[in-house]
Number of protein chains: 2
Amino acid sequence: MTQRIPIVENILSANDQMAQKNLEIFDHAGVFAINIMASPGAGKTTFIIKTLEALQRRLRMGVIEGDLATSIDAEKAAAAGLPAVQINTGGECHLDAVMIARAIPSLPLTELDLVIVENVGNLVCPANFKIGTHINILIASTPEGDDKPYKYPGMYRGIQALIINKIDLLPYVSFDMDYFRRGVEVLNPGVVTFPLSAKTGEGMDAWADWLVNIVKSRKPAEA
Amino acid sequence: MTQRIPIVENILSANDQMAQKNLEIFDHAGVFAINIMASPGAGKTTFIIKTLEALQRRLRMGVIEGDLATSIDAEKAAAAGLPAVQINTGGECHLDAVMIARAIPSLPLTELDLVIVENVGNLVCPANFKIGTHINILIASTPEGDDKPYKYPGMYRGIQALIINKIDLLPYVSFDMDYFRRGVEVLNPGVVTFPLSAKTGEGMDAWADWLVNIVKSRKPAEA
């Protein structure tokens, strides 16, 4: 009789356990955490900076930036005067729960309401690794094309909110919004969707209000 | 004394061996093979279709399409009347040499001059897996932003030609060509670069001529 050695399963399960721990740490500190995923160049960093600007009087925020090698993104967040931690994955194609666990102690959690995690730019791998945030958010962008839900289904299945960024480019690119939304609907029926342009600011209010609402609804009412 | 077990090294080396075999099969058939990599939505499929159109009277071509799940891309190539094979990776984030070895028998190699492989849309993982083509080509696109060489260095290091696609969108996006090119130059000095728009056709001739030239220069002169 040969013995079955389910290595992949164990690795994922160890990651999931660590993700659960991270979530407990965020919960204990009263912090809501979101994981932002996207293709390279969908506009994650600009979107996050604009979100920080929109919410700076309404929420206390911190940022965890994931990149292969540089600290460009964390520097941009820090320039906005916010606590920011950079994770350099050393070439790894996704963030995992261990990386987040190591980053958390560098943030003043008890002084924060919201932590935004920017994952590595990749429309495949990050979907397979929980990191311990409360929700997953995907940023699609119009120049990427309207067929991405059909071609990268795993990413669209595991999210709780979808941003459609760069709507200011709609006149210049081939992007059939109906075709795109039909693909999303099959994979993730009813997922809340925010078409917007982080660059021009159009549509950012609806997103910011939704986020504030979800963060505040989880907090005990202030006396 | 503990024993060192270099598992990752062995996996890569098995893949490299298979890649070498694929290359020998292409060489034996007199076929030049290129591996096209890019972010999701950089325009790989449109670029390939336009390349096929531009070269249809000059080269005999076939296509291997890599996708997570669908056969959308292979159908587009087949619609252009060319031999096309679809590899569905089943969620894997890159093509590997074994997948290519399995796809090769579906192409009429001895009747072809050029095989174009479209890798999975991913700016990280495909760079780590040789598949057995003669050259690697990266398609960057202007809406992705000018910082991608700095943030995804591995991909820019391992290529022999760089396409800068969607130059028709330059008036509408923030893309500093000099900053982009400086980043590329550090990672891959002197790499041949083709700024173009697969959509409008601008710049496609220079790329097509370069490709024909490289393919023909490797063939024995016809008697």
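## Contacts between the chains

Six residue pairs are in polar contact between chain A and chain B, both residues of each pair being at pLDDT 80 or more. A polar contact is a pair of N or O atoms within 3.5 Å; within protein, one must be able to donate a hydrogen and the other to accept it, and residues adjacent in sequence count only if both atoms are side-chain atoms. Between chain A and chain B the count of salt bridges is zero; a salt bridge is a side-chain nitrogen of Lys or Arg within 4 Å of a carboxyl oxygen of Asp or Glu.

On the side of chain A that touches chain B, α3 (72-79) and α5 (148-151) of chain A each supply at least two residues. By class, this side of chain A has 17 nonpolar, eight polar and nine charged residues. Ala, Val, Leu, Ile, Met, Phe, Trp, Tyr, Cys and Pro count as nonpolar, Asp, Glu, Lys and Arg as charged, and the others, Gly among them, as polar.

## Basis of the description

This is a predicted model, in which local features need pLDDT of at least 70 and side-chain atom pairs count only at pLDDT 80 or more, while totals for chains, interfaces and linings use all residues. Residues are numbered from 1 along each chain as its sequence is written, chains are lettered from A and ligands numbered from 1 in the order in which they are written, and side-chain values use heavy atoms, with hydrogens and water left out.

## Extent of the interface

In total, 34 residues of chain A are in contact (heavy atoms within 4.5 Å) with 33 residues of chain B. The two chains bury about 2,500 Å² between them, 60% of it on carbon and sulfur atoms. Buried area is the accessible area (1.4 Å probe) that two parts lose on being put together, summed over both. In chain A, the residues that lose the most area to chain B are Pro40(A), Lys151(A) and Tyr172(A), together 24% of what that side buries.

## The sheet of chain A

Chain A has an open sheet of seven strands in the order β3-β2-β4-β1-β5-β6-β7, with parallel pairing. Helices (H or I, at least four residues) and strands (E, at least two) are DSSP runs, numbered from the N terminus, and two strands pair if DSSP finds at least two bridges between them. At the edges stand β3 (84-88) and β7 (192-195) of chain A, each with a single partner strand, so one side of each has no neighbour in the sheet.

Strand β6 (residues 161-165) of chain A runs parallel to β7(A) and is joined to β7(A) by four bridges. Ile164(A) has Pro195(A) as its bridge partner in β7(A). Helix α7 (residues 177-187) of chain A packs on the sheet and touches β5 (135-141), β6 and β7 of chain A. The direction of α7 makes about 160 degrees with that of β6(A); axes are lines fitted to C-alpha atoms, for helices over the stretch in contact, and angles run from 0 to 180 degrees between N-to-C directions.

## A salt bridge within chain A

Over all chains, the count is 10 salt bridges. Asp27(A) forms a salt bridge with Arg218(A), their closest N and O atoms being 3.6 Å apart. Asp27(A) lies in helix α1 (residues 7-28) and Arg218(A) in the segment after α8 (204-217) of chain A, so the pair ties together parts that are 191 residues apart in sequence.
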